[in-house]
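Student: I would like to learn how to read aromatic pairs in a protein model. Could you walk me through some?

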Amino acid sequence: MKTNRRCRALLAVSLNLMALLFSTTAFITTYWCEGTQRVPKPSCGKEKKTNCLNYGGNETANETNQNVVHYSWETGDDRFLFRYFHTGIWYSCEENINAAGEKCRSFIDLAPASEKGVLWLSVVSEVLYIMLLVVGFSLMCLELFHSSSVIDGLKLNAFAAVFTVLSGLLGMVAHMMYTQVFQVTVSLGPEDWRPHSWDYGWSFCLAWGSFTCCMAASVTTLNSYTKTVIEFRHKRKIFEQGFREEQNFLDQEAIKYFRERTEEERAEAGDLRLQCLHSCSPN
């Protein structure tokens, strides 16, 4: 019993730790959503000679360069390029088409005014989600390594299960609110940011993986608590049943003993009466 209970507790601690690591990583990274943005090509210059528009300039020097587009009203989509971007809770970063590297801006500033409150609520929920995971993990570690008795372990187990379930619910709500805000920002956000195509990134997968591990940890903790309580009740029932049988056996033995003593006393009393009659009768 003790070994099985310890294995279940160790599994719950491992799942909770994975949930905590996944949620923290997702919270601080910027790959919740990623895709491409359709933007006009910049003008060609001394530093920019590829993927650019030539508005007259030195056409002969650029005739052999396939990445230079000679501007005309008939070029259509040739005047545009697709730059890569990725977005997290805090920042949205996009490829810098004028230089190497990326440029980032606050996603909170990009969100429409009507969605800023929902976004901040999502951020607060994510923070509370991580904090409750830390509390649940601490309680599970106390129950695993420092519980002095089974009763104390059960109490810690119950509190850890409650905190873990609450954190999982908060995490689910936070992820769904962020998804709603991003989809609204795609439609109503700034013109120079709106994605041409996008999909969820690995940070988003980590966030939902964290939720899955969190709920698995809570189920494992509740399962451990329930099994331990059932085992205790079963042992108590067996003990009480054995005690009753032993009590009944002792009662029967006591009744038998007193019955035999009573019969012996009656026999002795009869013998004394007979002796008294014999001694008292005339010769």
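Tutor: Gladly! Keep in mind that this model is predicted.

Student: Is Phe211 buried or exposed?

Tutor: Phe211 counts as buried, at 16% relative accessibility.

Student: How are Trp208 and Phe211 placed along helix H5?

Tutor: They sit three residues apart in helix H5 (residues 202-280), so about one helical turn separates them.

Student: Which cluster do Trp208 and Phe211 belong to?

Tutor: Ring pairs link them into a cluster whose members include Trp32, Phe85, Phe107, Tyr178 and Trp198.

Student: How many aromatic pairs does the structure hold?

Tutor: There are 16 aromatic pairs. Take Phe27 and Trp90: their ring centres are 5.6 Å apart and their planes meet at 80°, so this pair is edge-to-face.

Student: Where do Phe27 and Trp90 lie?

Tutor: Phe27 is in helix H1 (residues 2-28), while Trp90 is in the loop between strand S4 (80-87) and strand S5 (91-95). The pair therefore ties together parts that are 63 residues apart in sequence.

Student: And what are the relative accessibilities of Phe27 and Trp90?

Tutor: Phe27 has 12% and counts as buried, whereas Trp90 has 30% and is partly exposed.

How values were computed
Residues are numbered from 1 along each chain as its sequence is written. This is a predicted model: local features need pLDDT of at least 70, side-chain atom pairs count only at pLDDT 80 or more; totals for chains, interfaces and linings use all residues. Side-chain values use heavy atoms; hydrogens and water are left out. Rings of Phe, Tyr and Trp (its six-membered ring) pair if their centres lie within 6.5 Å; planes under 30 degrees apart count as stacked, over 60 as edge-to-face and the rest as tilted. Helices (H or I, at least four residues) and strands (E, at least two) are DSSP runs, numbered from the N terminus. Buried means under 20% relative accessible area, exposed over 50%, partly exposed in between (1.4 Å probe, protein chains only).
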